[in-house]
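Dear colleague,

I am passing on the structure we spoke about, and my notes on it follow directly below. Please read them with the coordinates open beside you.

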Amino acid sequence: MCTPTRSAATLIAAPLTQPAAAAPAAPFSPLAPPALALPNGLSLPRPHAAAAPHTGSRRKRLWELDSHAHCPVIGVCLPIHTLRRVLAKVLGGQAVAVDYEVHCGAVAEARVRSVVSEAIQRDLDQRYAQALRQAAKLKTTAAVSDGWNAARHGADWAGTFWATLTHPRCDDALAHRVLGEVHMLQHQVGIARSVDSAEFDALRTEHQALQRHCNEQQQRLTRLSAEHALHSEQQQSQLLQARAHLLGRDTRIAMLHEQLQQLEAATPGLRRRVELAHDTERLLARVRELERDAHLARTEAERQRERAEASDSALRHARLQRAPDAHVAAPANEDATAPQARLDDQAVLCVGGRPSCVPLYRLIVERTGGRFLHHDGGEEESTARLEATLAAADVVICQTGCISHNAYWRVKDHCKRTGKRCVYVESPSTAGIRRALVSLAPAA
């Protein structure tokens, strides 16, 4: 509880519309004796007016409450800035004292009926009009007590406090209990405010850190936004360049297509001529390839002829040495009455056969007037040289019994493709060679 030592009038400065030297005397209630003047502007508290016993259904007034109730009522139900405003309005000046002194002066004025206490009464009634209307419905002391118990922990417990103390059915016991609970609640509120203040300081520090972090993030987002805008502008520029390039290319393609249509219209059959030119180039390349193969075949034929002549000369020389008689030149088993084929200036290719019988094959072919060519069918000579030898030959005798499958199919494919006459002999023998030459002679 506060102990007032100065009245509210001594805590008010000069009126706002007059100089400080002409400040009027503080007004006081006509029902209370004036305070005694003391040095330095202090005054003793006025003696309390004896409050008449309260009866009936009229609400109690502020100055009719117990002296211990004024301090909690003004401190809890009236904020300090509102109290200063009320005092300044009533006394016609501005309060210059600290909050505690203003509170103590108001408590001293509230003990008696005065202009200050009446103004505080009106302000409290207006502020808590709703709580007063709800409390007016309570008709017994027990109901008032239950209403206080139900609303003391609510958000508007100050209004309930004022309505309970001034209720006509609030007796001394209830008032004493309510004042005690409010007193303890003020202590708890003070402790809670200190805790809340510490938490507020911590939250304020955290808020400042978060604000700094937010500012940093905002700056980062601004920088990223600027970079993104620049990158987007660059991509837009590149896109425009690409579109311009594509447009130019499409324009050139359209111009070339138009020129092509004009050329085709001016030169009928141009496309066909171009195709024929391409076919001619391919045919010329094929002709050059065939000419190259023919040259290789001629070279191989010359080499075969030279070898054949050398072999024939050696064979004749050996026969002359063994049998000077001219009749020995013919084979012993040769039939004199057999028909003789004539293949003058024809190149006869013999594929396969026994190597020991090759000189006899040569002798039989040369007696018909033809040129003898030979290939062993892949036994020792490569099949790659067979194509050149086949190209140099006019007629072919293929002894199928002593050649490889690859050589056989090469001979058959070449003769079918070029139209050359080919006679197939199953068993290699001189009689088979003679019969093949006889079958080839008419065609030759």
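Predicted model: local features only at pLDDT ≥ 70, side-chain atom pairs only at ≥ 80, totals over all residues.

Strand 3 is largely enclosed by the rest of the structure, because five of its five residues are buried (buried meaning under 20% relative accessible area with a 1.4 Å probe, protein chains only; strands being DSSP runs of E of at least two residues, and helices runs of H or I of at least four, both numbered from the N terminus).

Residues are numbered from 1 along each chain as its sequence is written, and side-chain values use heavy atoms, with hydrogens and water left out.

The sheet itself is open and has four strands in the order 2-1-3-4, paired in parallel (two strands pair if DSSP finds at least two bridges between them). Its edges are strand 2 (371-375) and strand 4 (421-425), each of which pairs on one side only. Strand 1 (residues 347-351) runs parallel to strand 3 (residues 395-399) over four bridges, and Cys350 stands opposite Ile397. Helix 10 (residues 358-367) packs on the sheet and touches strand 1, strand 2 and strand 3, contact meaning heavy atoms within 4.5 Å. Helix 11 (residues 384-392) likewise packs on the sheet, touching strand 1, strand 2 and strand 3.

The chain passes from strand 3 through helix 12 to strand 4 in a right-handed β-α-β crossover, that is, one whose path from the first strand over the helix to the second runs clockwise when the strands point away from the viewer. Helix 12 (residues 405-418) includes His414, which is buried at a relative accessible area of 6%. Leaving out residues up to four places away in sequence, His414 touches Glu387, Leu390, Ala391 and Lys420.

Elsewhere, Phe161 is among the residues with the most contacts inside the largest nonpolar core, which has 42 residues (a set of buried Ala, Val, Leu, Ile, Met, Phe, Trp, Tyr and Cys joined through side-chain atoms within 4.5 Å).

With best wishes

Notes
Axes fitted to C-alpha atoms, helices over the stretch in contact; angles between N-to-C directions. Buried < 20%, exposed > 50% of the residue type's maximum accessible area, 1.4 Å probe, protein only.
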